Structures are given as C-alpha cells and as structure tokens.
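Please open the model in your viewer, with the sequence panel beside it, and keep a selection tool at hand. The tour moves from one selection to the next and says at each stop what is to be found there.

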Amino acid sequence: GAVARRSLFVVTLEDHALLGGFGSAVLELLAREVPLCQARLVGLADAFVEHADQRDQWRTARIDPESVAGDVERWLAKLGRPAPPRSGTLH
C-alpha cells in the first residue's frame, strides 16, 4: 500500500492466468486502501498456451521483459506520465 500511495501507479506481472491471480488480489487491496491508484495487470489470458521454450511462450504472451517494458511505457504515456528510465539490461 505505501508504494501505491506514493506513486499512484502499480504494475503486476505474473506468468500464469490473470483471472483470480496475484493481480486480482492487488486490485482488491488497492480498491480498499488506495482507490485513486491506477493499476495495470500483465499476465496470461485465460487461453491455451502452445508448448514451446519458456522464453518463446513469454514473448508470444507479451510477458517477456522487452514487451512488458514497452507496454508499460505506452500505458504511462497514455496516462500522461513519463516512464522511469530503463536501467541496465532487462532479464
């Protein structure tokens, strides 16, 4: 709650289905504790994921580091907030 109160922006990332996941629990907390906070949930849709190397699956689902960073930057820009500078290499 303290970080959300300071920034009013939260992004959650999970490598499984969003429905009923960690992000949902965060949204419940924010609704109760920091209702003005903007949140972006990143994770898998409730759909079948093709078998592949984990990195390929993440890239296809757009939860690889590069995709997430780009999506969050675009989200923040749409909200009129600059994204923090990227530090180092994304892993």
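Select T12 first: this residue is buried, with a relative accessible area of 3%, where buried means under 20% relative accessible area, exposed means over 50%, and partly exposed lies in between (1.4 Å probe, protein chains only). T12 lies in strand β1; helices (H or I, at least four residues) and strands (E, at least two) are DSSP runs, numbered from the N terminus. If you display the surroundings of T12 and leave aside its neighbours within four places in sequence, you will find it in contact with F22, G23, V26, R40, L41 and V42, contact being defined as heavy atoms within 4.5 Å.

Before going further, note that this is a predicted model, in which local features need pLDDT of at least 70 and side-chain atom pairs count only at pLDDT 80 or more, while totals for chains, interfaces and linings use all residues. Residues are numbered from 1 along each chain as its sequence is written, and side-chain values use heavy atoms, with hydrogens and water left out.

**From T12 to V42**

Not counting residues up to four places away in sequence, V42 touches V11, T12, L13, E14, L18, R62, I63 and V68. For a distance to check in the viewer, take the C-alpha atoms of V42 and L19, which are 23 residues apart along the chain and separated by 11 Å.

**The whole chain**

Now zoom out and colour by secondary structure. The chain has four helices and two strands, and read along the sequence they follow the pattern α-β-α-β-α-α. Along its principal axes, the C-alpha trace spans about 40 × 30 × 20 Å. Of the 91 residues, 26% count as buried, and among contacts with a separation of 6 or more, 61% are between residues 24 or more positions apart.

**Helix α4**

Select residues 65–78, which make up helix α4. Which residues of α4 are buried? They are S67, V68, A69, G70, D71, V72, W75 and L76, and the buried residues of α4 pack against β1 (9–17) and β2 (38–44). Just after α4, look at G80, which takes a positive phi of about 80°.

**The aromatic pair**

A search of the whole structure finds one aromatic pair, and F9 and W75 form it edge-to-face, at 6.0 Å centre to centre with 80° between the planes. Rings of Phe, Tyr and Trp (its six-membered ring) pair if their centres lie within 6.5 Å, and planes under 30 degrees apart count as stacked, over 60 as edge-to-face and the rest as tilted. Because F9 lies in strand β1 and W75 in helix α4, the pair ties together parts that are 66 residues apart in sequence. Both F9 and W75 are buried.

**Two loop residues with positive phi**

Select L8, in the loop between α1 (2–7) and β1. L8 has a positive phi of about 65° although it is not a glycine, and at 33% relative accessibility it counts as partly exposed. Then go to R62, in the loop between α3 and α4, which also is not a glycine and has a positive phi of about 65°; R62 is partly exposed, with a relative accessible area of 37%.

**A61 in helix α3**

As a last stop, select A61, which lies in helix α3 and is partly exposed, with a relative accessible area of 28%. The C-alpha atoms of A61 and A45, 16 residues apart along the chain, are separated by 8.2 Å.

Key: The expected span of a helix is 1.5 Å times one less than its number of residues.
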